[in-house]
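Biologist: Before I plan anything around this protein, I would like to go through its model piece by piece. Could you show it to me and then take my questions one at a time?

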Amino acid sequence: MKIVVLDGHTLNPGDLSWAELERLGSCAIYDRTGAAEIATRAAEAEVVITNKVPFDRPTIMGLPRLRYIGVTATGYNIVDTAAARERGVTVTNVPSYGTRSVAQHTFALLLELTQHAGQHSESVRAGGWSRSPDWCYWEYPLVELEGLTMGIVGFGRIGHAVADLAQAFGMKVVAALSPRARELPHNVSIVDIDYLFSASDVVSLHCPLTPDTRHLVNSKRISLMKRTAFLLNTSRGALVDEPALAVALNSERIAGAGMDVLSTEPPPAANPLLAAKNCIVTPHVAWATGAARSRLLRAAIENVRAFLEGKPQNVVN
């Protein structure tokens, strides 16, 4: 069995082990693979593991030995699943591995926007406290979360986890675009999405990217938000109309934004959010705790093992 990992570096930059995968067959593991290298590297592969390397119809049809594509992520839009199904190629993903890590990062962004711990630490390091005439000072407004409303767009596993944390901070929670309306936690209400944008002090995005959700956050919805509100996105970059958000931030139409994802990654230097006022951008790391990556690697290997045993799991096509 020939197994090829096309872009293993972000999952395992060296602190985890591929040994269990290597026991399942002959493995070639590449840190990164460009589009022009896919056909050569995967030419003899029956099993391919990918994270961001795309498998469109021509690529899938051009690999006659291919039987399986394992996506080391929950989202699998990089694979043309219809073409894979047509070719008889099984496609799997890994759900749930990073739920708590993504929820944790969501609140890391929110707490920096409201408490500015990192920015105040930099101010102290630069001598601000030593020069202060007072025993304390703050350079930004400090916002208490208790009593504020958290609006969660997309109420799957991660949305549920974010709601748990929000309620632990004493926040009220409303949600929209819920696939599990009958599994609502205590004191969470499903509301119309426009109402959510208008009523929330914090809007947090946790829905998949589809034709219907692309630019879900646009100038119209931003205009519904409170001027004191914050927007968080740890889901998919293209959920947000980035130029519209940048205009809103720079004009102080909303108070701030925390973004772990952008529409193009890595982003071009001209992306307007990179220089927007009160905008925190982290490099798509919400998923990347050691614990989450370890779970992801184990689950991806178990997906391959199950496929080879004739009992495929987490199949998405």
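Biologist: Leaving aside its neighbours within four places in sequence, which residues is Glu-242 in contact with?

Modeller: Contact here means heavy atoms within 4.5 Å. Once neighbours within four places in sequence are left aside, the residues in contact with Glu-242 are Gly-237, Leu-262, Ser-263, Asn-271, Pro-272 and Leu-273.

Biologist: What kind of model is this?

Modeller: Residues are numbered from 1 along each chain as its sequence is written, and side-chain values use heavy atoms, with hydrogens and water left out. Local features need pLDDT of at least 70 and side-chain atom pairs count only at pLDDT 80 or more, while totals for chains, interfaces and linings use all residues, since this is a predicted model.

Biologist: Does Glu-242 count as buried or exposed?

Modeller: Glu-242 has its place in helix α10, where helices (H or I, at least four residues) and strands (E, at least two) are DSSP runs numbered from the N terminus. Buried means under 20% relative accessible area, exposed over 50%, and partly exposed in between, with a 1.4 Å probe and protein chains only. Because its relative accessibility is 7%, Glu-242 counts as buried.

Biologist: What covers the buried residues of α10?

Modeller: The buried residues of α10 are Glu-242, Ala-244, Leu-245, Ala-246, Ala-248 and Leu-249. Helix α10 (residues 242–250) packs on the sheet, where it touches β10 (230–233), β11 (256–259) and β12. What covers its buried residues includes α9 (219–224), β10, β11 and β12.

Biologist: In what order do the seven strands form the open sheet?

Modeller: Two strands pair if DSSP finds at least two bridges between them, and the pairing in this sheet is parallel. β8 (188–190) and β12 stand at the edges with a single partner strand each, so one side of each is left without a neighbour in the sheet. The twist averages 15° from one strand to the next. The order of the seven strands is β8-β7-β6-β9-β10-β11-β12.

Biologist: How many bridges join strand β6 to strand β7?

Modeller: Strand β6 (residues 149–153) and strand β7 (residues 172–176) run parallel. Thr-149 has Lys-172 as its bridge partner in β7, and Met-150 has Val-173.

Biologist: Which residues of β6 are buried on each side?

Modeller: β6 is mostly covered, with five of its five residues buried. In a regular strand the side chains alternate between the two faces of the sheet. Both faces of β6 are covered, with Met-150 and Ile-152 buried on one side and, on the other, Thr-149, Gly-151 and Val-153.

Biologist: At about what angle does helix α7 run to β6?

Modeller: Axes are lines fitted to C-alpha atoms, for helices over the stretch in contact, and angles run from 0 to 180 degrees between N-to-C directions. Helix α7 (residues 157–168) lies across β6, β7 and β8. Its angle to β6 is about 175°.

Biologist: Which residues is Phe-107 in contact with, leaving aside its neighbours within four places in sequence?

Modeller: Phe-107 is found in helix α5, and it counts as buried because its relative accessibility is 4%. Leaving aside neighbours within four places in sequence, the residues in contact with Phe-107 are Leu-145, Met-150, Val-162, Leu-165, Ala-166, Phe-169 and Met-171.

Biologist: How many nonpolar, polar and charged residues are in the lining of the second largest pocket?

Modeller: On a 1 Å grid over the protein atoms alone, a pocket is an open set of points where a 1.4 Å probe fits, with protein on both sides within 12 Å along at least five of seven lines, and lining residues have an atom within 4 Å of a point. Of the 21 residues that line the second largest pocket, the closest to its centre are Leu-113, Pro-141, Phe-230, Ala-255 and Asn-278, while α5 (99–115) and β12 (279–281) each supply at least two residues of the lining. Ala, Val, Leu, Ile, Met, Phe, Trp, Tyr, Cys and Pro count as nonpolar, Asp, Glu, Lys and Arg as charged, and the others, Gly among them, as polar. The lining divides into 10 nonpolar, five polar and six charged.

Biologist: Which residues does Thr-50 touch, not counting residues up to four places away in sequence?

Modeller: Thr-50 is found in strand β3 (residues 47–50), and it counts as buried because its relative accessibility is 0%. Not counting residues up to four places away in sequence, Thr-50 touches Asp-7, Phe-55, Ile-69, Gly-70, Val-71, Thr-72 and Ile-78.
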